[in-house]
Amino acid sequence: MKSTIMKAVATATALLLTVAACGGGDEPETTSDGKTVLTMSLWNYASTPEFKALIDGFEADNPTIKIKPVDILAGEDYAEKLTTMLAGGDQTDVLTMKNVTDYARYANRGQLASLSDEVAKVDAAKYRGLDAFKLNGDYFAVPYRQDFWVLYYNKALLKDAKVDLANLTWQQYADLAKSLTTGADASKVYGTYHHTWRSVIQATAAAQTKGDLLGGDYTFLKNQYSMALDLEKAGATMPWGTANTQKIGYDSMFSGGKAAMLPMGTWYVAKLLTDIAAGKHKTEWGIAPMPQVAAGGPVTTFGSPTAFAVNKKAKNAAAARTFINWATGPKGATTIAKLGLYPAYTDDAVLAAFGAVQGMPSDPVAKKALAPDQVTLEMPISDKSSDVDAILTEEHELIMVGEKSVDAGLAEMGKRVKSEVS
Amino acid sequence: MASTPPTLLEPVVTGAARPAAPKPVRRRRTALVGWSFILPNFVGFAALTLIPIVATLGLAFMQWNSYSTPEWVGLDNFRRLWASETFWMALRNTAYYAVGHIPLTLVAALGFAVLLNRKLRGIGIFRTALFFPYITSLVAVAVVWNMLFSPDAGPVNQFLHAIGVSETPGWTTSTTWAMPAVIITSVWRDLGYYMVLYLAGLQTIPGELYEAAEVDGAGPWARFWHITVPSLRPTTFFVLIMLTISSFKVFDLVQVMTEGGPGRSTLVLSQLIYREGVREGRFGYSSAVALVLFVIVLLVTVVQFRVQQRGEK
């Protein structure tokens with residue numbers, strides 16, 4: 001009887017493997033009218049207008065190619081979903097890289113095709129954030145968006161404030177936040193809102209003090225943490241624990257008039273413009289440069305580029321490269337600039353298109369905010385980024401909920417990064 | 001051994017016990033017919049459960065990132081696991097969760113089942129109400145409970161304040177209270193299901209037993225301890241096994257409610273498996289953790305079976 005069982009198991013396994021192997025062909029897909037079908041992974045297609053704009057624009061210029069979006073609806077879990085897809089041998093042609101940490105992960109695993117030939121052909125000086133994608137001398141993705149962090153403020157709530165928003169230091173920012181805090185309970189208006197992400201504190205400090213987030217010595221984060229915790233204690237920003245347990249959205253805090261200021265990425269500009277145009281709210285908003293450690297110096301902030309990459313297993317690698325050249329170049333840049341998004345490629349024409357967007361702030365403070373002197377990468381890229389990120393996030397939580405003092409938390413960060421990440 | 005009734009571990013093999021085997025040809029045909037009946041189910045089981053489990057067993061001794069060729073590394077994954085502070089934390093947290101979740105759910109389910117096991121007008125409404133959490137979307141449950149537990153604005157702490165507790169816990173924002181918060185939520189969610197199992201068990205207890213006990217002068221407590229509890233033994237055993245398995249593999253509730261935080265205070269083993277495997281692409285190491293979890297659940301279950309068998313003798 002036993003050998004029968006073994007035979008049956010073996011036969012079933014062999015059958016299954018055959019079936020599985022027949023799953024995907026390697027032939028490029030085409031539509032019934034002979035167009036090449038290019039597949040592209042992206043998130044929340046319906047609520048992220050840049051994808052549709054890029055696809056429409058590209059198809060108009062390249063009538064032989066049709067793009068089929070692979071929409072991943074849970075935008076928050078995009079990285080995990082894409083990781084799983086790639087692990088399963090997915091053949092989607094163009095892969096959108098939501099951030100550089102994930103990019104490093106895919107590239108280090110050899111899941112992306114090299115784009116160095118494409119990069120060699122372009123004027124690299126005009127592509128902001130391109131350097132971030134250089135990995136072991138090779139490029140595996142080209143950025144199309146370069147978001148960086150600015151300070152959003154509510155003009156109505158700040159109209160009596162006598163401060164020079166264009167040259168704010170963190171000390172002045174903290175004092176301002178405290179003076180802008182009013183009301184209690186339901187009518188409470190916080191001076192500012194710090195979102196729960198660790199980057200709000202860590203990436204800011206790293207960029208402005210030239211600290212290394214992968215280094216293992218995190219004392220450079222101390223001042224920024226002390227400032228944030230002091231603001232919480234003074235009631236000038238929502239406690240981290242409350243924001244986290246209530247799953248507070250930064251948009252509802254700012255556009256709902258619950259916070260007078262908000263450090264946030266430039267992607268939020270497009271959302272504000274769209275919502276105000278659609279009549280969802282009437283917030284009078286402005287943008288200022290991120291506050292700095294000392295007054296009078298250059299404007300330093302941090303940013304995170306978004307990029308396109310080609311899957312190593314792509315069915316249509318050639319068409320994918322055509323798309324990436326178009327989308328990350330001048331034409332793609334103009335397309336997304338018109339939506340109020342800051343493209344990676346910039347020249348005078350692109351900047352003019354960006355400034356001409358209906359509702360875009362054009363005062364001198366905003367102009368300064370949109371032209372920072374230095375944009376540092378949110379997280380340095382290395383094969384350790386992902387592991388260090390997990391540790392920094394865990395210890396960030398413990399500091400922010402008050403389980404650990406700033407000093408103890410930072411010491412633990414360093415200890416864990418040194419002992420656990422090798 | 002022959003006199004004891006068959007248990008789940010010893011399936012009844014009627015064919016083998018039959019005396020005087022029929023002709024080999026007919027016997028083979030009978031076997032083939034039997035196989036063909038279970039084949040559809042077996043193919044699905046093999047493809048989706050058996051092969052992955054066997055693969056995990058092998059992967060635990062290899063290094064593999066789902067893209068490279070698996071490389072044999074012997075016991076390296078287990079050595080790393082032994083030295084990893086995070087693994088021991090996750091193991092402790094999983095045990096903490098199980099120790100809280102299993103007895104609390106069992107007692108609550110039994111208590112409500114006994115309370116609701118009577119013929120009253122509208123009793124169905126109460127039974128349904130208690131069963132609702134179990135069929136509610138888990139993500140919604142986790143998000144809403146997280147809000148209820150919010151340290152400043154949450155109703156739980158507001159209630160505690162109202163009844164005079166001055167030092168209210170920080171719940172999911174505190175490393176001490178996060179796990180109790182998760183356990184309370186999971187008990188609330190699961191008790192309805194096990195209550196239904198107990199209700200079914202209660203219906204099978206003959207009413208004469210209670211009548212006889214009452215005639216002998218047994219009070220409600222004595223009747224509960226000496227009739228209800230022993231009669232429910234098979235149900236309790238089943239509930240215990242199911243609770244144990246579900247406790248050790250808990251994932252979704254913790255992932256949505258705390259994501260293992262604050263820090264690593266609610267990180268459980270299945271989350272560690274997911275993080276190391278799916279997120280970091282270290283499938284070998286993650287398989288090693290999975291293997292450890294499998295062995296733990298297996299051991300606990302075997303012990304429970306043994307205890308149950310001894311009790312029946």
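Chain B contains 14 helices and two strands, where helices (H or I, at least four residues) and strands (E, at least two) are DSSP runs numbered from the N terminus. The structure is a predicted model, in which local features need pLDDT of at least 70 and side-chain atom pairs count only at pLDDT 80 or more, while totals for chains, interfaces and linings use all residues. Residues are numbered from 1 along each chain as its sequence is written, and chains are lettered from A and ligands numbered from 1 in the order in which they are written.

The C-alpha trace of chain B spans about 75 × 65 × 30 Å along its principal axes. Of its 313 residues, 29% count as buried; a residue is buried if 20 or more other C-beta atoms lie within 10 Å of its own, exposed if 12 or fewer, and partly exposed in between, with C-beta atoms placed from the backbone. Among the contacts in chain B with a separation of 6 or more, 68% are between residues 24 or more positions apart. Two residues are in contact if their C-beta atoms, placed from the backbone, lie within 7 Å.

The contact between the chains takes 31 residues from chain B and 27 residues from chain A. On the side of chain B, the elements giving two or more residues are α2 (24–59), α6 (138–148) and α13 (269–279). The largest share, seven residues, comes from α2(B). By class, this side of chain B has 15 nonpolar, 12 polar and four charged residues; Ala, Val, Leu, Ile, Met, Phe, Trp, Tyr, Cys and Pro count as nonpolar, Asp, Glu, Lys and Arg as charged, and the others, Gly among them, as polar.

Chain A is assigned domain 1 (20–146 + 304–355) and domain 2 (148–302 + 370–420), with bounds from an automatic or database domain assignment. The C-alpha centres of the two domains lie 29 Å apart. Their contact takes 14 residues from domain 1 and 16 residues from domain 2. Helix α4 (residues 100–108) of chain A gives the largest share of the domain 1 side, five residues. That side has seven nonpolar, five polar and two charged residues.

Leaving aside neighbours within four places in sequence, A:Y152 is in contact with A:F254, A:M261, A:L262, A:M264, A:Y268, A:W285 and A:I287.

In helix α11 (residues 267–277) of chain A, the residues A:Y268, A:V269, A:A270 and A:L272 are buried. Their cover includes β6 (141–154), α10 (250–255), β8 (259–265) and β9 (285–288) of chain A. Just after α11(A), A:G279 takes a positive phi of about 75°.

Helices α7 (residues 199–209) and α8 (residues 222–233) of chain A pack at an angle of about 145°, with their axes 9 Å apart. Axes are lines fitted to C-alpha atoms, for helices over the stretch in contact, and angles run from 0 to 180 degrees between N-to-C directions. The contact is made by A:I201, A:T204 and A:A205 of α7(A) and by A:Q224, A:Y225 and A:A228 of α8(A). These residues divide into four nonpolar, two polar and no charged.
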